[in-house]
Amino acid sequence: MTAHAAITDPAAARAFMLAGKATFTVRSEKTGEHLTFQVRHWKKAKHGTMHFVSVRTGNDYAKIGVVLDRGTFRHNPAKSDLPFDDKRVQGFRYVFRHLCEEVMPPKCEVWHEGQCGKCGRPLTDPTSIAMGLGPDCRQKMGI
């Protein structure tokens, strides 16, 4: 069994990304290039929900922005490691905007790393692999 699996349902991809501990790769079918992102839930948010978004840059991750209230991506130049016009920031915005509209981004694939997007445990059953979330975490999330 492969450690990486594509998520083909846009609602499942969005739920996976915002589950709390998601690491995923977006691959362009057109160019073959890929970007790896982490989206982490911040438990200390005072109002609503907040998720920090980072992109892999070599052996590390660079902060690129936050997702607020499960649907708004914000880039803060003072706190981001990359400028707004960086292709990695724009790549995340493109993918996330499409998933919020409940469509898979055209000519892109979203791949998870074989671990639950909420708790980080390995995924083993076919439904979990397809969604990127284990059965216990899906139940906790009401999915």
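The model is predicted, so local features are described only where pLDDT is at least 70 and side-chain atom pairs only at pLDDT 80 or more, while totals for chains, interfaces and linings use all residues. Residues are numbered from 1 along each chain as its sequence is written, and side-chain values use heavy atoms, with hydrogens and water left out.

The secondary structure comprises four helices and seven strands; here helices (H or I, at least four residues) and strands (E, at least two) are DSSP runs, numbered from the N terminus. Along the sequence these elements follow the order β-α-β-β-β-β-β-α-β-α-α. The radius of gyration is 14 Å, close to the 15 Å that the globule rule gives for 143 residues, so the protein is as compact as a globular protein of that length. For this comparison the radius is taken over C-alpha atoms, and the rule is 2.2 Å times the number of residues to the power 0.38. The C-alpha trace spans about 40 × 40 × 30 Å along its principal axes. The accessible surface comes to about 8,200 Å², with 51% of it belonging to carbon and sulfur atoms; areas come from the Shrake-Rupley method with a 1.4 Å probe, and for residues only the protein chains shown count as cover.

Of the 143 residues, 43% count as buried, where buried means under 20% relative accessible area, exposed over 50%, and partly exposed in between (1.4 Å probe, protein chains only). Among contacts (heavy atoms within 4.5 Å) between residues at least 6 apart in sequence, 40% join residues at least 24 apart. The largest nonpolar core has 34 residues, and those with the most contacts inside it are Met17, Phe24, Ile64, Phe73 and Phe92. Such a core is a set of buried Ala, Val, Leu, Ile, Met, Phe, Trp, Tyr and Cys residues joined through side-chain atoms within 4.5 Å.

Two of the helices can be followed in detail, beginning with H1 (residues 10-17). Six of its eight residues are buried, so H1 is largely enclosed by the rest of the structure. The buried residues are Pro10, Ala12, Ala13, Ala15, Phe16 and Met17. At the start of H1, a side-chain oxygen of aspartate 9 comes to within 3.3 Å of the backbone nitrogen of alanine 11. This is a polar contact, that is, a pair of N or O atoms within 3.5 Å; within protein, one must be able to donate a hydrogen and the other to accept it, and residues adjacent in sequence count only if both atoms are side-chain atoms.

Helix H2 (residues 87-100) has 14 residues and, at 1.5 Å a residue, should span 20 Å; its end C-alpha atoms are 20 Å apart, which agrees. The expected span is 1.5 Å times one less than the number of residues. Aspartate 86 caps the N-terminal end of H2, with a side-chain oxygen 2.8 Å from the backbone nitrogen of arginine 88. Buried in H2 are Val89, Gly91, Phe92, Val95, Phe96, His98 and Leu99. Beyond its neighbours within four places in sequence, phenylalanine 92 contacts Phe24, Phe37, Val39, Val53, Ile64, Val67 and Phe73.

The loop between H2 and S7 holds glutamate 102 and lysine 107. Most residues other than glycine have a negative phi. Glutamate 102, however, has a positive phi near 60 degrees, and lysine 107 has a positive phi of about 60 degrees. Glutamate 102 counts as exposed at 54% relative accessibility, and lysine 107 counts as exposed at 55%.

Histidine 112 belongs to strand S7 (residues 108-112) and counts as buried at 1% relative accessibility. A polar atom of the histidine 112 side chain lies 2.9 Å from the backbone nitrogen of glycine 114, and this side chain also reaches the backbone oxygen of isoleucine 129 at 2.6 Å. The C-alpha atoms of histidine 112 and histidine 34, which are 78 residues apart along the chain, are separated by 12 Å.

Finally, serine 128 lies in helix H3 (residues 126-131) and counts as buried at 1% relative accessibility. Leaving aside its neighbours within four places in sequence, serine 128 is in contact with Leu123, Leu133, Gly134, Pro135 and Arg138.
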